[in-house]
Amino acid sequence: MMDLQRVNEYMSQVEESEKKVLPHGKRLKTGLDLGTAFIVLVVLDENDQPVACEKQAASVLRDGVVVDYSGACRIVRELKEKLEQRLGEELIDCAIAMPAGTESSVRTHQYVAESAGFEVTNILDEPTAANAIYQISDGVVVDIGGGTTGLAIFHDGKVVQIEDEPTGGTHLSLVLAGNYHVTFAEAEAIKQDYARHKEILPVVRPVIEKMATIVKKYVNPAEIDTIYLCGGTTCLTGIEGIFEKVTGIRTIKPANPFLVTPAGIAKNCILSER
Ligand SMILES: Nc1ncnc2c1ncn2[C@@H]1O[C@H](COP(=O)(O)OP(=O)(O)OP(=O)(O)O)[C@@H](O)[C@H]1O
Ligand SMILES: [Mg+2]
């Protein structure tokens, strides 16, 4: 079982580190999450204590693949400079992560990080990164971002299967834009307003059922007793109920599931000898 209280406390520190630099040790680890909807940099110290974090909405990737290379490089460089200014020191060691099934574009992600001045010291898959925070030994971690639904099945602490399919938060926004006759940007704003979650849930329910069906397809309820959610889209109030209904499996998420994967990437940054 995941220690929900520990995860909630840790993630609230990561959230706090967006606003101010937290007290920290000497050596700094960075995690770069190049996402379809957001690019996030999380900085931890050598004891994995959250230090600082910056994020930027961006559409430089599609389905986990970089489609705007120079845009991606520019944003990562800007975020890195912002962090370095806040910290008063240079960030060097960095880990990156890939969605399952996009291993062929590892080099592109690595070049983006390197173009910003990072040394990439570790490369992992995204759901494994998320589980560095959750630390479950059995169950399935489901990361629903802007573009995709990724999942990793764990047995005895090891990943036994990873999958990634192109249904994510962007699809929810498209449905909302159609339903309310508003632009995509306006739909995004509606979706991210917690006060409207109750109202929009019935509208987006079919898309969430589709996401849950993706998970159901890969998961055997006889073997898996819990689904652990993360990723920006799982901020949606009530999403876990729909997952439970479709899959018949208990579904859990922390208070803020948004920065779990980027924090887990940072945790996996290997500090080089310098
Ligand atoms: N409070 C919220 N309620 C609902 N959805 C939200 C909320 N905050 C963010 N989102 C959605 O989360 C998505 C972004 O999540 P995340 O940052 O995990 O994705 P990503 O890593 O960029 O994408 P991917 O993993 O698919 O490449 C967007 O679709 C955004 O609209
Ligand atoms: Mg993501």
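**Around the ligand**

Visitor: Which pocket is the space taken by ligand 1?

Guide: This is a predicted model, where local features need pLDDT of at least 70, side-chain atom pairs count only at pLDDT 80 or more, and totals for chains, interfaces and linings use all residues. Residues are numbered from 1 along each chain as written, chains are lettered from A and ligands numbered from 1 in written order, and side-chain values use heavy atoms, without hydrogens and water. A pocket is an open set of points on a 1 Å grid over the protein atoms alone, where a 1.4 Å probe fits, with protein on both sides within 12 Å along at least five of seven lines. The space that ligand 1 takes up is the largest pocket.

Visitor: What is the distance from an oxygen atom of ligand 1 to an N or O atom in the side chain of K191?

Guide: Ligand 1 also has a nitrogen atom 3.3 Å from an N or O atom in the side chain of Y194. For K191, a side-chain N or O atom and an oxygen atom of ligand 1 are separated by 2.8 Å.

Visitor: Which residue meets K29 in a salt bridge?

Guide: A salt bridge puts a side-chain nitrogen of Lys or Arg within 4 Å of a carboxyl oxygen of Asp or Glu, and the structure holds twelve. In one of them, at 2.6 Å from N to O, the side chain of K29 meets that of D48.

Notes
Polar contact = N/O pair within 3.5 Å; in protein donor to acceptor, adjacent residues only side chain to side chain. 1 Å grid on protein atoms, 1.4 Å probe; cavity = no way out; pocket = protein on both sides within 12 Å on 5 of 7 lines; lining within 4 Å. Sits in = over half its atoms within 2 Å of the grid points.
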